[in-house]
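The sequence and model are shown first.

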Amino acid sequence: MTSTARRSTALLTDHYELTMVEAALRSGAATRRCVFEAFARRLPEGRRYGVVAGTGRFLEALQRFRFGDDEIDELRRRRVVDDATCDWLAGYRFSGDVRGYAEGEVYFPGSPVLVVESSFAEAVVLETLVLSILNHDTAIASAASRMTSAAGDRPCIEMGSRRTHEEAAVAAARAAYVAGFATTSNLEAGRRYGVPTAGTAAHAFTLLHDTEREAFAAQVDCLGTGTTLLVDTYDVTEGVRTAVRVAGTSLGAVRLDSGDLVEQAREVRALLDSLGATGTRIVVTSDLDEYAIAALASAPVDAYGVGTQLVTGSGAPTASMVYKLVSRSDDDGVMRPRPRWSASRNVPPTTATTARSWSTWSAGVSCWRRPTWRRPVSDTRRREPSSRPSRCGCSAATSRCRPSSRADPPSQLSALRPTFGSMLTLATAGDSIWSDMFTFQVPPVEKIIRTVVVYLVIAVLIRLFGQRILAQLNLGDLVVVLLLSNVVQNAIIGDDNSVVGAALGATVLVVFDYVLDRIAYRIKHSERILDGPEVTLVEDGHVKADQLRRVGIRETELRTVLHRMGADQASEVEYATLRPGGAFDVALKRMEQNANAGELDAALSRIEALIDERFAALEARLR
């Protein structure tokens, strides 16, 4: 048999994928350019985000998607497709492009997690492979993210291999590591993907020996005093005392795997401290999920071991993603969009998504990088494919997806009812409009930095190029001002639409502007540095062409301004300057001012004479 790492993945698909290829080859539509998207129509009940995982595994599987002799012989023997289709499949090599979210990125309903662009035949056969990997790994990563979010700074250990299929266990360990788990107990995940592994002993090791003391002594003798001793095989209190007697106060950790973990953790912590083992950590296991982890937030626990609930997606074993054709070329080669949602499905066609980092893969060549939540940038560097996971960049991002109910675990701020042990009191505001309005959706420091940076950038641009724009000499200048205001708004807001975020941004703008005004008032020459100098455009009736070019004003525009100020031509102007704020100062020559006044008096006299003449004619008619 071939190893799992080298085995062809071509038959990890559904029968109807190949029959569609057969029919498309016969109709001539197989070579049409198509775009497929993998996305989730909805999230599991009560959840507000998901975390992408499995992209690296898919890229690795795509490289091995080859119909070799064994696969073709099997298709012919079972008469799945005809000979012509088998011949086409024998030469199958994916030659299209794949774009997708980096692993560890947050996604929402409708987010195009993976986009495949190729001919119809090349892309459609990948549907089952894409979905089987993404649906499993993303479900595990999403659950793991919720658990690490509830755990806060305390590490989580993946230990669910015995609760799922052997290959699923390896994939689950990888996905959990992507989403922030510290280590795994699965050695194959360590070998195949480089995930750190850890483990010490189970109850069977203690039961093997005649006494608990003998078992602890054997483990410490082999693994050292920094090991973790399982102290709840018999009596917890006596087990802790025995562990400290054997390993001393430098004992690495003790593990609790049963009972009321909250109360036991408090009792064990107090006992360890009384015995002088103040540095010994407490690790808890026993069917934990995000809610149990949240319930332990106030308990003196140092690490969590999670198994069954993790590898089964904590109630959501699949991400429910679909792989849909969203665009195809017509007979003229023009790409035409296709509907992503069936008319019979009551699903909104548009959904909100976060700022997203895209990676691009072409013809099976992968692009891999560490994901980040702040402002990821597109990365299309081509490198060798790798399924080794990058660590999750979603912990900060998911902190903005505030828990609203039991479906989203609370943070370490959750309170415990002291009389009910591990019962959890969710101290959350709920999915109310007040929470969305009055809770920062990005860190306040980021909001302040955004506002100050945008202010300074706009100030520099206006200082260098903005006199003409502020003057708004034509329609284009007005359009620039309007578009600039929209760009600035988006840059300051970011992902925060809350009222408090807007109030903070407005406050920073006003305060920062006030500070600059005070600087300009108190420091000599600072106003000239901040605002820039005035520009003289006309002096003693002569237009300064070099200054017009400097500020980007045409002579026709200048004549329009001068005409508004009462001058028919530049020769009538003593001087005309453009201020930094965009206002014009125009001073007419004295003789031109007198001439203009005389012209007004003459015109008034002519009007009066005309009126007298009309009144005289009217009186003559009346007689």
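## The loop residue R79

R79 is found in the loop between α3 and α4; helices (H or I, at least four residues) and strands (E, at least two) are DSSP runs, numbered from the N terminus. R79 has a positive phi of about 55° and is not a glycine. Most residues other than glycine have a negative phi. With a relative accessibility of 75%, R79 counts as exposed; here buried means under 20% relative accessible area, exposed over 50%, and partly exposed in between, with a 1.4 Å probe and protein chains only.

## Basis of the values

The model is predicted: local features need pLDDT of at least 70, side-chain atom pairs count only at pLDDT 80 or more, and totals for chains, interfaces and linings use all residues. Residues are numbered from 1 along each chain as its sequence is written, and side-chain values use heavy atoms, with hydrogens and water left out.

## Overall content

The protein has 23 helices and 20 strands. Of its 623 residues, 45% count as buried. Among contacts between residues at least 6 apart in sequence, 71% join residues at least 24 apart, where contact means heavy atoms within 4.5 Å.

## Helix pair α3 and α4

The two helices on either side of the R79 loop also pack against each other: α3 (residues 69-78) and α4 (residues 83-90) meet at an angle of about 165°, with their axes 10 Å apart. Axes are lines fitted to C-alpha atoms, for helices over the stretch in contact, and angles run from 0 to 180 degrees between N-to-C directions. α3 and α4 are therefore roughly antiparallel to each other; angles under 35 degrees count as roughly parallel, over 145 as roughly antiparallel, 65 to 115 as roughly perpendicular and the rest as oblique.

The crossing of α3 and α4 is right-handed. A crossing is left-handed if the near helix is turned anticlockwise from the far one by less than a right angle, and right-handed if clockwise. On the α3 side the contact uses I72, L75 and R76, which meet D83, C86, D87, L89 and A90 in α4. By class, this contact of α3 with α4 has five nonpolar, no polar and three charged residues. In this scheme Ala, Val, Leu, Ile, Met, Phe, Trp, Tyr, Cys and Pro count as nonpolar, Asp, Glu, Lys and Arg as charged, and the others, Gly among them, as polar.

## Helix pair α2 and α6

Helix α2 (residues 55-63) packs on helix α6 (residues 127-151) at an angle of about 155°, with the axes 9 Å apart. That makes α2 roughly antiparallel to α6. α2 passes α6 in a right-handed crossing. The residues in contact are T55, R57, F58, A61 and L62 of α2 and L129, V130, I133, L134 and D137 of α6. By class, the contact of α2 with α6 has seven nonpolar, one polar and two charged residues.

## Strand β1 and its partners

Strand β1 (residues 33-40) is mostly covered, with seven of its eight residues buried. β1 pairs with strand β5 (residues 114-119) in the antiparallel sense over six bridges; two strands pair if DSSP finds at least two bridges between them. In β5, L114 is the bridge partner of A38. Seven bridges join β1 to strand β12 (residues 321-329), also in an antiparallel run, and F36 stands opposite L325 in β12.

S314 lies in the loop between α14 (308-311) and β12. S314 has a positive phi of about 50° although it is not a glycine. At 12% relative accessibility, S314 counts as buried.

## The six-stranded sheet

An open sheet of six strands has the order β7-β6-β11-β10-β9-β8, with parallel pairing. β7 (183-184) and β8 (228-230) are at the edges, each with a single partner strand, so one side of each has no neighbour in the sheet. Strands β6 (residues 156-158) and β11 (residues 303-306) run parallel and are joined by three bridges. G305 in β11 is the bridge partner of I157.

## The four-stranded sheet

Another open sheet, of four strands, has the order β18-β17-β19-β20 with antiparallel pairing. Its edges are β18 (542-543) and β20 (584-588), each with a single partner strand, so one side of each is left without a neighbour in the sheet. Four bridges join strand β17 (residues 535-539) to β19, and the two run antiparallel; Y575 in β19 is the bridge partner of E539. Helix α22 (residues 555-564) lies across β17, β18, β19 and β20, running at about 75° to β17.

T577 is found in strand β19 (residues 573-578). At 7% relative accessibility, T577 counts as buried. Leaving aside neighbours within four places in sequence, T577 is in contact with E534, V535, T536, L537, A583, F584 and D585.
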